[in-house]
Amino acid sequence: MYIKSYESTRFAGLKDISLGFDRGVNVILGPNESGKSTIIEGIHSTLFKDIKLKRNNNLDKEFLFKFMPQPNGDFINGKVVIEYDNGEYEIYKEWGNTENIHLLTPNGTIIKNENDIKEELSKILTHGESTYSNIVFAKQRDLKRALFNIINNREITNEINDLLRRTMMELDGISIDTIQKNIEDEIDSLYKRWNREKNYPENNRGVNNPYKTGLGKILESYYNKENLKLLMERADESEKEFEDICNKIKELENKIKLLSEKKLGLEKIEDDVNNRMILDAEISSINKDLEDFSEANREWPKTEQLLEQLDEKILVLKEKRKKLNKEKDDLEKSKKREVLERKLKNIEEIQEKINYIINELSTIPIISSDDIDKLSKIQTELLTLDTTMKAGKMIGILKKSSDKPLYISRDFREREVLDLGNPFEANGVINISYDNELEMEIKTGDLDFQELNDKYKSSKKEYNQLLHILKIDTIETGKLNLQKIKRLENEKISLNKQLEFILDKDTKEELEEELKELENIKVFRDLDEIHKELTEINEEELDILANKKNKTDLIVQWKEKYTDHDNLFDLVIDKKTILKDKRSKLEKLKPLPEEFTTADEFKINLILIREELNSAQGDLDKLKSYYYEAKNNLLDTSFEELREEYLHSESIFKRNIQRGEKLLEIQKVFLKTKEELSSNPMEPLAYEFARLLEIITDGKYKTGDIDEEFNIKLQNLNGEIPVELLSAGTYDSVTLALRFSLLKHIFKGKTGYVILDDCLVDLDPKRKDQSIKLINDFAKEYQVIFTTCDPETAKMLGGNIIKI
């Protein structure tokens with residue numbers, strides 16, 4: 001990084017100056033009081049001086065006194081272009097009545113917020129303002145005091161890591177332990193009551209529940225930022241509300257003005273418009289009457305003629321209706337004939353069925369329910385007797401060796417040959433006989449089988465006789481015959497009822513006679529067609545009658561209004577005379593504005609304007625009361641001011657976070673560096689210092705040392721020499737060597753620049769040559785801006801010589 005150019009319209013005694021610098025040696029050559037030091041001050045101020053100057057701040061007062069042109073100067077400014085990583089950064093500042101600042105970055109972005117500019121420059125400059133002020137821009141004889149300021153100044157404690165790592169030394173009695181404590185104190189002052197892991201206040205105590213005491217800088221800047229944010233939101237809301245009300249008031253005032261002007265313009269012609277409205281209504285009424293007169297005069301004869309035509313049409317329709325009704329009667333008679341034919345056919349079919357049933361009944365033997373009951377009773381008795389006799393059932397086997405047969409009679413039945421060796425059985429009585437030699441009878445229990453058997457035979461006989469009388473084989477056949485008789489009788493009764501219903505007090509002969517009378521009726525179409533045509537005739541007749549009534553009423557009205565045609569003609573002449581007079585009066589009135597087609601439209605529009613004006617005035621009165629309320633709600637500080645404060649506070653919060661992170665990293669590196677430090681932490685710096693000192697003094701001072709108390713020890717051939725006893729030239733040589741040693745450690749691995757005042761003025765020619773050689777060697781890596789009033793020195797240094 002190096003300074004490419006510096007420009008100023010006005011800065012102290014400088015006016016309209018523009019200087020360009022090269023990467024190596026740059027010599028600003030000019031006589032005493034020509035502004036060389038002022039140029040350096042201008043570059044330093046442009047880089048580091050805030051544009052907002054406070055009148056009660058001594059440093060700011062001194063700055064204004066020193067650099068603001070007297071007595072009537074109102075501004076000073078400066079522009080510095082820095083080249084960094086092959087890109088150019090342009091920083092411009094203006095102090096005075098008009099404060100202005102901007103930074104133009106290599107990508108074309110223009111930054112105008114001072115805090116953002118400082119943050120961007122910190123990335124380029126790599127070290128803080130104090131480092132640059134006390135080493136890079138420092139005058140040669142102030143170097144030792146400047147180095148003490150670097151350590152003691154809290155604004156640049158974030159540079160300690162670089163300083164220790166690069167210079168490995170302590171200055172003017174400031175111990176490592178003190179530095180360590182300062183770092184720890186600074187970390188504590190930043191992170192007090194701040195949770196680093198959550199990056200939020202401890203115990204989640206945000207702005208709505210803040211800590212009151214013991215706040216670290218991060219927490220304090222966080223609360224400040226968040227409170228400003230809340231205020232900003234309130235201010236934005238209240239300002240928007242106020243602005244909205246103001247806009248509405250302005251809109252309403254403009255609206256009221258326009259409505260008032262429009263209302264006044266319309267009111268000037270309101271009377272004429274009212275008269276026009278009356279005349280228009282009268283003229284419209286007269287024209288309506290004339291139209292009615294004209295229509296009556298034209299339509300009266302036509303209507304009378306039409307009535308005659310309608311009467312003729314009605315007569316035609318009546319004749320048509322008479323024919324259709326006759327056709328309808330014939331059709332109805334035809335349908336009646338069809339009904340009679342169907343009815344007689346049904347009668348014949350029913351009579352045939354009845355005859356068939358009578359024939360069927362004649363073929364079935366007569367049987368009654370009593371007969372069936374009697375048969376059932378006898379049948380039950382037989383079953384009982386049979387069951388009783390079978391209850392004494394006997395089984396036996398008879399064996400015999402003789403060939404003569406044995407005979408058996410079972411239950412009083414005929415005897416039969418007994419099958420010997422096989423079982424035999426009987427219900428109550430067994431009689432066995434053997435060739436008239438033996439007869440044996442066997443009975444069961446106490447039953448009188450003979451009596452039971454006699455009863456059984458008697459009942460069986462009675463049962464068979466009754467079946468014969470009833471002409472049936474079994475009781476089941478009798479039951480079937482009885483069911484069939486009942487069914488046929490029921491059918492016969494049902495058919496007789498149907499026949500009675502169909503005849504309905506008539507006889508078959510009467511129906512046949514009536515049918516004979518209708519035989520000659522002829523029909524050509526169905527009833528729907530006849531009804532349709534009748535409906536059409538009726539509708540047409542209704543339309544004609546309605547039309548006739550309307551026309552009749554119209555003629556009655558005309559006669560009531562106009563009496564006759566002659567009187568109607570007189571009325572037309574009178575109305576036309578009145579119409580001419582009204583139109584004459586209308587022409588004398590002021591015309592309607594072009595935007596209105598009728599007086600009614602004008603009047604409605606005027607009413608609406610008056611109502612809208614009254615409403616707008618009422619709304620305005622309400623808004624004015626809201627206006628004062630909204631104005632009282634405005635905060636003392638505007639949203640834009642609060643926003644700028646918020647952005648600044650947010651930048652401070654971020655810087656504090658970044659500062660804390662850097663300090664934590666510094667602490668980590670510091671502790672590591674502390675362990676790595678040798679017994680003399682100034683050894684690397686002392687080594688470089690000794691090397692450069694030997695070059696400048698041409699070997700007269702071969703060794704140089706710096707102890708932990710930053711005491712510089714020099715030796716020549718005569719032994720150790722205290723710095724206080726050095727000559728002015730030797731002291732300048734020593735401080736030049738020490739400064740270059742410091743700068744090489746500060747800029748190690750990076751580009752940089754140094755501002756040198758005329759530090760060669762007290763050197764003898766030989767040491768001057770050595771020093772110039774040393775400066776040129778230094779300029780191979782870094783930019784050197786050298787100020788001198790001696791042309792010879794400028795010539796010896798070479799490089800870019802800038803004359804002022």
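Let's start with Pro31, which sits in the loop between strand S3 (25-29) and H1; helices (H or I, at least four residues) and strands (E, at least two) are DSSP runs, numbered from the N terminus. This is a predicted model, in which local features need pLDDT of at least 70 and side-chain atom pairs count only at pLDDT 80 or more, while totals for chains, interfaces and linings use all residues. Residues are numbered from 1 along each chain as its sequence is written, and side-chain values use heavy atoms, with hydrogens and water left out.

Setting aside neighbours within four places in sequence, Pro31 is in contact with Lys36, Cys789 and Ile804, where contact means heavy atoms within 4.5 Å. Cys789 is 758 residues away from Pro31 along the chain, yet their C-alpha atoms are separated by 4.7 Å.

Six strands make an open sheet in the order S2-S1-S4-S5-S6-S7, with antiparallel pairing; two strands count as paired if DSSP finds at least two bridges between them. At the edges are strand S2 (14-20) and strand S7 (110-111), each of which pairs on one side only. Within the sheet, S4 (residues 75-84) and S5 (residues 87-96) are joined by ten bridges in the antiparallel sense, and Asn77 stands opposite Glu94 in S5.

Helix H1 (residues 36-48) lies across S1 (2-11), S2, S4 and S5, and runs at about 100 degrees to S1. Axes are lines fitted to C-alpha atoms, for helices over the stretch in contact, and angles run from 0 to 180 degrees between N-to-C directions.

## Domains

The protein is divided into domain 1 (1-126 + 758-803), domain 2 (332-364 + 484-522) and domain 3 (366-471), with bounds that come from an automatic or database domain assignment. Taken over C-alpha atoms, the centres of domain 1 and domain 3 are 165 Å apart.

Strand S11 (residues 407-410) has two partners to look at here. With strand S14 (residues 429-434), S11 pairs in the antiparallel sense over four bridges, and Arg410 stands opposite Ile430 in S14.

## Helix H9 and its packing partners

Helix H9 (residues 270-363) packs with helix H15 (residues 565-587) at an angle of about 155 degrees, their axes 10 Å apart. H9 and H15 are therefore roughly antiparallel, since angles under 35 degrees count as roughly parallel, over 145 as roughly antiparallel, 65 to 115 as roughly perpendicular and the rest as oblique. The axes of H9 and H12 come within 10 Å and cross at roughly 160 degrees, so this pair is roughly antiparallel too. Residues of H9 that meet H12 include Ile347, Ile350 and Leu361, and those on the H12 side include Leu488, Leu495 and Ile502.

H12 (residues 475-503) also holds Asn481, which counts as buried at 16% relative accessibility. Beyond its neighbours within four places in sequence, Asn481 is in contact with Ile364, Pro365, Ile367 and Ile472.

How values were computed
Buried means under 20% relative accessible area, exposed over 50%, partly exposed in between (1.4 Å probe, protein chains only).
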